[in-house]
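Open the model in your viewer and keep the sequence panel beside it. The stops below say what to select and what is there.

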Amino acid sequence: MPSMDEEREVLKTGVFLAVLSSALLVAVGLFWGFPWQVSLLLVVVSFAIAGLISGMTLAGVRSAARRKALTHGALVMWASHNEGRFGTTVAEFTGDAPS
């Protein structure tokens with residue numbers, strides 16, 4: 001599984017994105033004189049988009065961690081079947097390797 005640091009970094013980035021986009025939308029709304037209802041709606045939408053981006057990024061981090069764990073398991077299995085060696089040589093693929 002991904003480390004807590006990776007997950008925490010993704011979540012901190014998502015919060016930063018939500019706060020920054022909301023502040024920008026409120027500033028633009030005040031500058032252009034939008035009604036407060038429109039500004040509130042835009043803030044809610046920006047938080048939803050930031051949450052969606054964070055969720056997708058977190059899923060990618062978890063997927064990468066899962067692939068890494070599966071790869072490690074495959075390498076351990078390979079090593080257990082090949083006298084503890086992780087690597088291969090060209091001779092093993094051509095059939096010239098001693099048995």
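How many salt bridges does a search of the whole structure find? The search finds three, a salt bridge being a side-chain nitrogen of Lys or Arg within 4 Å of a carboxyl oxygen of Asp or Glu. Before selecting them, note that this is a predicted model, in which local features need pLDDT of at least 70 and side-chain atom pairs count only at pLDDT 80 or more, while totals for chains, interfaces and linings use all residues. Residues are numbered from 1 along each chain as its sequence is written, and side-chain values use heavy atoms, with hydrogens and water left out.

**Whole chain**

Colour by secondary structure. The protein chain has three helices and zero strands, in the order α-α-α along the sequence. Helices (H or I, at least four residues) and strands (E, at least two) are DSSP runs, numbered from the N terminus. Of the 99 residues, 16% count as buried. Buried means under 20% relative accessible area, exposed means over 50%, and partly exposed lies in between (1.4 Å probe, protein chains only). The chain exposes about 7,700 Å², and carbon and sulfur atoms supply 73% of that area. Accessible areas come from the Shrake-Rupley method with a 1.4 Å probe; for residues, only the protein chains shown count as cover. Among contacts with a separation of 6 or more, 56% join residues 24 or more positions apart; contact means heavy atoms within 4.5 Å.

**Helix 1**

Select residues 4-32, which are helix 1. Its end C-alpha atoms are 42 Å apart, in agreement with the 42 Å that its 29 residues should span at 1.5 Å a residue. The expected span is 1.5 Å times one less than the number of residues. Now show the side chains of Glu7, Val10, Gly14, Ala18, Ser22 and Gly29, the buried residues of helix 1. Their cover includes helix 2. After helix 1 comes Gly33, with a positive phi near 75°.

Select Arg8 and Asp5: their side chains meet at 3.0 Å, N to O. Arg8 and Asp5 are three residues apart in helix 1, so about one helical turn separates them. Arg8 is partly exposed at 45% relative accessible area, and Asp5 is exposed at 53%. Next select Lys12 and Glu9, whose closest N and O atoms are 3.9 Å apart. This pair is also three residues apart in helix 1, about one helical turn. Glu9 is partly exposed, with a relative accessible area of 45%. An α-helix has 3.6 residues a turn, so residues three or four places apart point the same way.

Select residues 36-81 for helix 2. Helix 2 has 46 residues and reaches 67 Å from its first C-alpha to its last, close to the 68 Å expected at 1.5 Å a residue. Its buried residues are Ser39, Val43, Ser46, Ala50, Ser54, Leu58, Ala65 and Ala79, and they pack against helix 1. After helix 2 comes Glu83, with a positive phi near 55°.

Zoom in on Ser46. Is Ser46 buried or exposed? Ser46 is buried, because its relative accessible area is 9%. Leaving aside neighbours within four places in sequence, Ser46 is in contact with Ala18, Ser21, Ser22 and Leu25.

Then select Arg62 and Glu7, a salt bridge with its closest N and O atoms 3.2 Å apart. Arg62 is partly exposed at 36% relative accessible area, whereas Glu7 is buried at 15%.

**Nonpolar patch**

Switch to a surface view and select Leu17, Leu41, Val45, Ile49 and Ile53, which make a nonpolar surface patch of about 420 Å². Patches are made of residues with over 30% relative accessible area and no salt bridge; like charges are joined within 9 Å, and nonpolar side chains (Val, Leu, Ile, Met, Phe, Trp, Tyr) within 5 Å. Helix 2 gives the largest share of the patch, four residues. Leu17 is found in helix 1 and is partly exposed at 34% relative accessible area.

**Aromatic pair**

Last, select Trp32 and Phe34. The search of the whole structure finds one aromatic pair. Trp32 and Phe34 form it edge-to-face, at 5.9 Å centre to centre with 65° between the planes. Rings of Phe, Tyr and Trp (its six-membered ring) pair if their centres lie within 6.5 Å; planes under 30 degrees apart count as stacked, over 60 as edge-to-face and the rest as tilted. Trp32 is exposed at 60% relative accessible area, and Phe34 is partly exposed at 35%.
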